[in-house]
Amino acid sequence: MYEKFHELPVEKQTCIINAAMEVFSKNEYKQANTDDIAARAGISKGSLFYYFHNKRDLYLYLYDYTANVMKSQILDKDFWKITDLFERIRYGALCKVRILKKNPHILDFCVRCFYSKEEAVSSQLNSMNTELTDNAAESYFAGIDCSKFKDGVSAQKVYQMMNWMSDGYIHSKRMKEDALDLEQMMKEFEEWMEMLRTMMYKEEYLHECNRDT
C-alpha cells in the first residue's frame, strides 16, 4: 500500500515520518495540517499525497510505525529471558521510557491515538488498539512463572490492573492538561508494582525478590 514511500531513501522516509509525527503530536487529528507536514518534511503537499493517499492513511501508517518501533526495541532477547511477570513488566516500561526520551513526539502522538475521539480515525484506532493490547498481553505471559502467585490469584488480572492504573494515570494528566513526566510516572509505576507484588505473591517468593534487590 505504501510502496512508493518505501522506495524513498531511508533518510527521506525518516524526515517525513518525523515531520508528520511532530504535527500530529501537537494537534488533534482534525486540526493537524498536511501543508505543515509537507513544509517540515521539505516536500510538496502533492508528493505527500503521492506517498499516502490522504491524511487518514498517513495517520494510520504512523500508528503502525510507532507500534513496530516499540515492539522491536522491547521484545528483545533479554525480555524473553525474564520469567517473573513484574520484572518483565518493569523491563518493558523502562524500554518504553528510553524510546520516548529519544523520540519526544512519539509520546504525545501515542497518547492522542489512544484517546482519539475523531470520527475519521477513532473507529479503526479502537480496533487497532485492542489488537495491539491483546498481542502485548500474549507476549508478556509467554514463559512466565505463574507459580509465584498466591492460590486463587490470576496473573492475567494482575497484568490488567497494571494497565488500568497506567491508563488512569495518563487520563488524569490529560484531564488536568498536565505534561507527562516520564521519570515521575516510572517512579509511581514501580511503587504500584511493589504493592501488587506484596499482595499477590507467595511469601517465599517475596523473600526471594528481596534478596535479589
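Start with lysine 148, which counts as buried at 8% relative accessibility. Buried here means under 20% relative accessible area, exposed means over 50%, and partly exposed is in between, with a 1.4 Å probe and protein chains only. Before going further, the ground rules. This is a predicted model, in which local features need pLDDT of at least 70 and side-chain atom pairs count only at pLDDT 80 or more, while totals for chains, interfaces and linings use all residues. Residues are numbered from 1 along each chain as its sequence is written, and side-chain values use heavy atoms, with hydrogens and water left out.

Back to lysine 148. It lies in the loop between helix 9 and helix 10. Helices are DSSP runs of H or I with at least four residues, strands are runs of E with at least two, and both are numbered from the N terminus. What does the side chain of lysine 148 make a polar contact with? The partner is the side chain of aspartate 84, at 3.0 Å. A polar contact is a pair of N or O atoms within 3.5 Å; within protein, one must be able to donate a hydrogen and the other to accept it, and residues adjacent in sequence count only if both atoms are side-chain atoms.

Aspartate 84 also caps the N-terminal end of helix 7, with a side-chain oxygen 2.9 Å from the backbone nitrogen of phenylalanine 86. Helix 7 covers residues 85-102, 18 residues in all, and reaches 26 Å from its first C-alpha to its last, close to the 26 Å expected at 1.5 Å a residue. The expected span is 1.5 Å times one less than the number of residues. The buried residues in helix 7 include Leu85, Phe86, Arg88 and Ile89.

Serine 139, in helix 9 (residues 122-141), is in contact with Leu75, Phe79, Trp80 and Arg88, leaving aside its neighbours within four places in sequence. Contact means heavy atoms within 4.5 Å. Is serine 139 buried or exposed? Its relative accessible area is 15%, so serine 139 is buried.

Next, the aromatics. The structure holds 22 aromatic pairs. Rings of Phe, Tyr and Trp (its six-membered ring) pair if their centres lie within 6.5 Å; planes under 30 degrees apart count as stacked, over 60 as edge-to-face and the rest as tilted. The pair of phenylalanine 24 and tyrosine 29 is stacked, because the ring centres are 6.3 Å apart and the planes are at 5°. Both of these residues are buried. Phenylalanine 141 and tyrosine 159 make an edge-to-face pair, 5.4 Å centre to centre with 70° between the planes. That pair links distant parts of the chain, with phenylalanine 141 in helix 9 and tyrosine 159 in helix 10 (residues 155-176), 18 residues apart. Phenylalanine 141 and tyrosine 159 are both buried.

There is also an aromatic cluster formed by Tyr2, Phe5, Tyr50, Tyr51, Phe52 and Tyr61. Phenylalanine 5 touches Gln13, Ile16, Ile17, Tyr51, Phe52 and Tyr61, not counting residues up to four places away in sequence. Phe5, Ile16, Phe24 and Phe52 touch the most other members of the largest nonpolar core, which has 70 residues. Such a core is a set of buried Ala, Val, Leu, Ile, Met, Phe, Trp, Tyr and Cys residues joined through side-chain atoms within 4.5 Å.

Histidine 6, in helix 1 (residues 3-6), is partly exposed at 45% relative accessibility.

Now helix 11. Its 19 residues, 182-200, should span 27 Å at 1.5 Å a residue, and its end C-alpha atoms are 26 Å apart, which agrees. The buried residues of helix 11 fall within an arc of 135° seen down the axis, so they line one face. The arc is that of the directions from the helix axis to the C-beta atoms. Among those buried residues are Leu182, Met185, Phe189 and Trp192.

Finally, the whole chain. It has 12 helices and zero strands, and 44% of its 213 residues count as buried. The C-alpha trace spans about 65 × 35 × 30 Å along its principal axes. Among contacts between residues at least 6 apart in sequence, 70% join residues at least 24 apart.
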